[in-house]
Amino acid sequence: MKTICLYFEIHQIIHLRRYRFFDIGTDHYYYDDYENEHSITDIAERSYMPALNTLLEMIKNNGNYFKVAFSLSGVGMEQLEMHAPQVLEKLQELNETGCVEFLAEPYSHGLASLVNEESFADEVKRQCTKIKEYFGQSPKVLRNSSLIYSDEIGFQVAQMGFKGMLTEGAKHVLGWKSPHYIYSSAMAPQLKLLLRDIQLSDDISLRFNNRDWSGYPLFADRYIDEIASLPEQEKVINIFMELSALGIAQPLSSNILEFFKALPVCAKEKDITFSTPSEICSTFKPVDTLSVPDTLSWVDEERDVSSWLGNPMQREAFNKLYSVADRVRIANDARINQDWDYLQASNNFRFMTTKPSRIGIDLGIYSSPFDAFTNYMNILGDFITRVNNLYPAEIGNEELESLLTTIKNQGDELAMKDKEIVRLQAKIEKIEDANKKEGVKESKAKKPSTSKKPVAKKPTTKSKKSVEEQKKDKK
């Protein structure tokens with residue numbers, strides 16, 4: 001029986017403001033607040049809310065049959081918290097159905113996995129914590145930024161405890177193999193790989209509303225028929241895309257949501273099910289090992305990382321940013337950490353690309369890739385100066401880490417002592433209260449009784465006379 005794994009990514013670009021050379025050292029705020037608020041509220045209204053409402057309706061109409069998976073970057077969730085909390089509330093409502101899985105991914109939607117293992121692991125851990133807080137799920141499958149993957153990255157992901165990872169079913173990696181199977185990582189056989197079906201995914205996310213496309217118009221029954229016609233032994237069909245494809249890349253006027261609503265109905269007729277990534281990892285065994293010595297992604301025709309690191313400008317910015325990665329991680333300053341997350345986002349390097357692409361890139365405030373590079377490097381210059389000023393640059397990373405570890409240990413020791421003091425004070429108060437109560441009991445016991453003693457009756461007058469008469473008689 002064939003099964004469809006439907007996955008959506010939610011990430012929001014953090015727009016940088018125009019930052020001049022003369023701002024370096026005087027202004028440490030780098031963001032265009034108006035554009036950030038405008039873009040997230042616009043995409044929430046035009047895409048996220050209509051799409052999520054449709055997916056919720058599909059779950060309710062089809063019971064446990066229809067299932068879907070999401071991953072949210074940490075910086076994307078921060079933007080939703082500030083400007084579109086209704087999206088997170090709707091995701092929580094979807095989560096309550098039990099038909100939704102949330103995946104792990106780097107907090108910043110950055111490229112740390114390419115250069116710094118510690119930063120990558122830290123980002124994934126923080127994003128998992130945020131997913132746990134919102135949805136009560138502990139992700140078991142990881143999706144790296146833009147499906148970036150290599151054998152070395154897979155090995156690290158397996159060491160982090162994940163049982164599966166999503167990546168691209170690129171032809172130059174698969175060769176004659178099909179993306180409709182589960183594969184195992186070359187360096188970590190216990191890690192299962194789910195490969196994106198490029199054609200079936202892009203038919204929806206890129207071509208659905210393209211009137212010049214030979215497959216236009218695309219109907220749900222024909223789409224499911226194409227899946228059903230695959231060889232019988234090819235049972236896993238992974239359809240991965242950004243959630244913004246529903247409403248932004250493919251406008252709602254294209255009837256994209258009606259197309260999705262019809263998918264479960266048509267799939268049932270062909271005895272095709274829906275599964276989450278974790279269910280697939282638990283159900284299917286790998287048919288082979290997939291070796292990926294060179295890094296791949298789901299971006300552009302090359303399916304590699306050249307969209308972010310393909311020219312000297314991008315590599316210079318990338319290397320300069322990650323030159324302070326260890327220092328930022330060791331210092332662990334709240335304000336620095338937030339800027340670090342926002343500056344790592346992969347779109348900052350994507351704006352600098354000089355590659356021709358069939359997918360248009362919105363450059364925002366930038367007039368050219370060089371303009372994007374210049375603005376980013378101005379901001380980066382100020383940021384690195386702040387990092388170095390936080391702790392003197394003369395102190396090496398190892399010395400700094402040792403110093404901060406000592407400070408942390410001392411702080412932990414003081415905190416433990418404070419707790420012990422509070423505990424002892426509470427114990428003393430309890431003993432004092434007990435002593436007071438015991439003292440009250442003893443004082444009550446020693447206090448003379450106030451009850452009346454019986455009073456002897458005085459002899460009556462009659463009895464007195466009788467005694468006197470007796471005395472006289474004796475005389």
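Q: What makes the crossing of α1 and α3 left-handed?
A: In this predicted model, the crossing of α1 and α3 is left-handed. The term applies if the near helix is turned anticlockwise from the far one by less than a right angle; clockwise would be right-handed. Helices here are DSSP runs of H or I with at least four residues, strands are runs of E with at least two, and both are numbered from the N terminus.

Q: Why are α1 and α3 called roughly parallel?
A: The axes of α1 and helix α3 (residues 85–95) cross at roughly 10° and come within 10 Å. Axes are lines fitted to C-alpha atoms, for helices over the stretch in contact, with angles from 0 to 180 degrees between N-to-C directions. Under 35 degrees counts as roughly parallel, over 145 as roughly antiparallel, 65 to 115 as roughly perpendicular, the rest as oblique. So α1 and α3 are roughly parallel.

Q: Which residues of α1 and α3 meet?
A: Tyr48, Leu52 and Leu56 are among those in α1, and Val87, Leu91 and Leu94 are among those in α3. Contact means heavy atoms within 4.5 Å. By class, this contact has 10 nonpolar, two polar and three charged residues. Ala, Val, Leu, Ile, Met, Phe, Trp, Tyr, Cys and Pro count as nonpolar; Asp, Glu, Lys and Arg as charged; the others, Gly among them, as polar.

Q: Why is α8 called oblique to α9?
A: Helix α8 (residues 220–228) and helix α9 (residues 256–269) have axes that cross at roughly 50° and come within 8 Å. That angle makes α8 oblique to α9. Their crossing is right-handed.

Q: What makes the pair Arg46 and Asp42 a salt bridge?
A: Their side chains meet at 2.8 Å, N to O. A salt bridge needs a side-chain nitrogen of Lys or Arg within 4 Å of a carboxyl oxygen of Asp or Glu. Arg46 and Asp42 are four residues apart in helix α1 (residues 33–62), so about one helical turn separates them. The structure holds 25 salt bridges.

Q: What makes Asp271 stand out in its phi?
A: Asp271 has a positive phi of about 60°, although it is not a glycine. Most residues other than glycine have a negative phi. Asp271 lies in the loop between α9 and β9 (273–274).

Q: How do you know how confident the predictor is?
A: Look at pLDDT, its confidence in each residue, from 0 to 100. The chain mean is 90. Local features need pLDDT of at least 70 and side-chain atom pairs 80 or more, while totals for chains, interfaces and linings use all residues. Residues are numbered from 1 along each chain as its sequence is written, and side-chain values use heavy atoms, without hydrogens and water.
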